Amino acid sequence: MKYELAPSVLSFDLTSLSSSVPRLIAAGAGIVHLDVMDGQFVPPITFGAALASSLRKHTDAPMEAHLMVMDPERQFDAFQEAGCKRIVFHYEATKHAHRLVQDLKSRGLDAGIAINPGTPSEVLDAVIGDLDMVLVMTVNPGWGGQKFIASTLEKIARVRALRPDMDIQVDGGIDPSTIGQVIEAGANSFVVGSYLLKPPTLEEGVKSILEKFPLS
Ligand code: DX5
Ligand code: ZN
């Protein structure tokens, strides 16, 4: 099982990502996690594909878009053109999850579906065989720096039992004190945002997460 740290830039100074993102990648972070919010699916508004395009000019780091937006398929072209290799949309934001997964895969992108803490994983049973990744939200989407929701652990374990081979990502409240629980439950991709800004340097923050990964 491959383990990856997906740094969320939501809590970062967005005007200095051209220097902070290369540092995160050089320190061992995996795929840059872009939290896209439209003010409809969740109250805040963050950024669109323009941020991904700008970032692409400064780093060839892999990027994923976490679309916390209604009608997510309206954003697929822009984030693909901006260079994202993985697009994750919310099950709760569309009536056509299966069709949107087909669309993403026809584009050659990795297809992920995110589910909120209040959404049972059973809703994915009809499409889980087609997914590259399930994102089990471990906070309610919309803000960084929230407390980890432990009731999501059994959901992670259920999804892992259904798909031993697939990426399972967790997102929200992940830090050295919670990452062991989600690894134990079966997650292998970890979105970490605000915690990375707590240690003295970004490099120490990344290291303190990577050292929790099981030796593969
Ligand atoms: C919240 C976002 C998360 C968030 C994670 O809606 O999807 O990616 O930025 O932030 P932390 O790690 O601070 O909980
Ligand atoms: Zn996210």
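A: Let's start with the term we need: donors are N, O and S atoms within 2.8 Å of the metal (3.2 Å for Na, K and Ca), and water is not among the atoms, so sites may look incomplete. Bear in mind that this is a predicted model, where local features need pLDDT of at least 70 and side-chain atom pairs count only at pLDDT 80 or more, while totals for chains, interfaces and linings use all residues. Residues are numbered from 1 along each chain as its sequence is written, chains are lettered from A and ligands numbered from 1 in the order in which they are written, and side-chain values use heavy atoms, leaving out hydrogens and water.

Now the site. Along the sequence, the donor residues of the zinc ion (ligand 2) follow the spacing H-x1-D-x30-H-x104-D. They are H33 (through NE2), D35 (OD), H66 (ND1) and D171 (OD), at 2.0 to 2.3 Å from the zinc ion. The site has six donor atoms with angles of 71 to 172° among them, and it comes out as octahedral (for six donors: opposite ones over 155 degrees apart, all others between 65 and 115). For reference, ideal octahedral angles are 90 or 180 degrees.

H33 sits in strand β2 (residues 32-37) and D171 in strand β7, so this pair ties together parts that are 138 residues apart in sequence. Strands (E, at least two residues) and helices (H or I, at least four) are DSSP runs, numbered from the N terminus. Both H33 and D171 are buried, meaning under 20% relative accessible area with a 1.4 Å probe, protein chains only (exposed is over 50%, partly exposed in between).

Stepping out from D171, strand β7 (residues 167-171) runs parallel to β8, joined by three bridges; strands pair if DSSP finds at least two bridges between them. V170 has F190 as its bridge partner in β8. To get from β7 to β8 the chain goes through helix α6 (residues 179-185), and this β-α-β crossover is right-handed: with the strands pointing away from the viewer, the path from the first strand over the helix to the second runs clockwise.

Strand β8 (residues 189-192) has S189 and V191 pointing one way and F190 and V192 the other, and all of them are buried. Strand β1 (residues 4-7) is also parallel to β8, through four bridges, and L5 stands opposite F190.

V136 counts as buried because its relative accessibility is 0%. Skipping neighbours within four places in sequence, V136 is in contact (heavy atoms within 4.5 Å) with I115, T152, K155, I156, I168, Q169, V170 and D171.

Just after α1 comes G28, with a positive phi of about 115°.

Technical notes:
Four donors count as tetrahedral if all angles lie between 85 and 135 degrees; four count as square planar and six as octahedral if opposite donors are over 155 degrees apart and all others between 65 and 115; anything else is irregular.
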